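Could you walk me through this structure, one selection at a time? I have it open in my viewer and would like to know what to click on next.

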Amino acid sequence: FGNVNKYSDLYCFNHSKKSNRMFDLVKTLKENGTPIDGVGLQAHFNAAGVQEGRVPSPESVVANIQRYEEIGLQVNISEMDVRVSKLPAGIDKTRAQTDIYRDIVKASYSQKNFQGVTFWGFTDKHTWVSDFYYEDSPLLWNAQYKRKPAYFAVEDAIKAVVELRKMNSTDREEIKFDISSWKTWMVPEPTPSEGEATLDGVSKPDWMLS
């Protein structure tokens, strides 16, 4: 087959305990001589997720991708969609989906070892989510095959990173992320009941954990 890159597909995009364990596994495999060129990170996000199910912050995405660069591996998003139907009534679902697509894609492409993203379908008319989970509209085209705001947000995010990469390294500024709009749709973390398991003993989004 010639020069074929060898990738491992992992369902652990969030910078979490599971993600840490999978990183340690891949690192050990590489140190032991296993032929692996990169990892594909699945990104089936739920905008209404909490605790380890919460969508990771852009900064967390950058940190996760960077650590794979440090061990000489490329990264791609092997599967991406963003579910929004479980957000509470009154929440702007379009805004939530647009924010997530834009900021996660922008954060990923800002890293030089990031190779690309595969969206897990293109129209809400035909999506695995409705069969496997529940009715939702997680993709970049709606059921009428019209491009959604998230589509244009992804396009703008990629263009912004392309322009940044054109700059000389001495002139290049680190990409900044403003997630203030995320706070308009993020579901509050639940109050842990007695005996309920929490992430590292606390119930916070990943970017609030030290």
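A residue is called buried when its relative accessible area is under 20%, exposed when it is over 50%, and partly exposed in between (1.4 Å probe, protein chains only). The model is predicted, so local features need pLDDT of at least 70 and side-chain atom pairs count only at pLDDT 80 or more, while totals for chains, interfaces and linings use all residues. Residues are numbered from 1 along each chain as its sequence is written, and side-chain values use heavy atoms, leaving out hydrogens and water.

**Stop 1: strand β3**

Nine of the 10 residues here are buried, so β3 is largely enclosed by the rest of the structure.

Two strands pair if DSSP finds at least two bridges between them. Click on G38 and look across to its bridge partner in β3, Q74.

Next show strand β4, residues 114–119: four bridges join it to β3, again in parallel. Here I77 stands opposite V117.

**Stop 2: helix α2**

Select residues 58–70, helix α2. With 13 residues, α2 reaches 19 Å from its first C-alpha to its last, close to the 18 Å expected at 1.5 Å a residue (that is, 1.5 Å times one less than the number of residues). Colour P58, S60, V61, V62, N64, I65, R67 and Y68: these residues of α2 are buried. After the helix comes G72, with a positive phi near 80°.

**Stop 3: salt bridges**

Side chains of opposite charge can pair when their charged atoms come close. A salt bridge here is a side-chain nitrogen of Lys or Arg within 4 Å of a carboxyl oxygen of Asp or Glu, and the count comes to seven.

Show E189 and R54, whose side chains meet at 2.5 Å, N to O. E189 lies in the segment after α5 (149–166) and R54 in the loop between β2 and α2, so the pair ties together parts that are 135 residues apart in sequence. Both E189 and R54 are buried.

Finish in helix α3, where D99 and R95 sit four residues apart, about one turn of the helix. Their side chains form a salt bridge (2.8 Å, N to O). Buried or partly exposed: which is R95? R95 counts as partly exposed, at 33% relative accessibility, whereas D99 is buried at 0%.

Key: Helix = DSSP H or I, 4+ residues; strand = E, 2+ residues; numbered from the N terminus.
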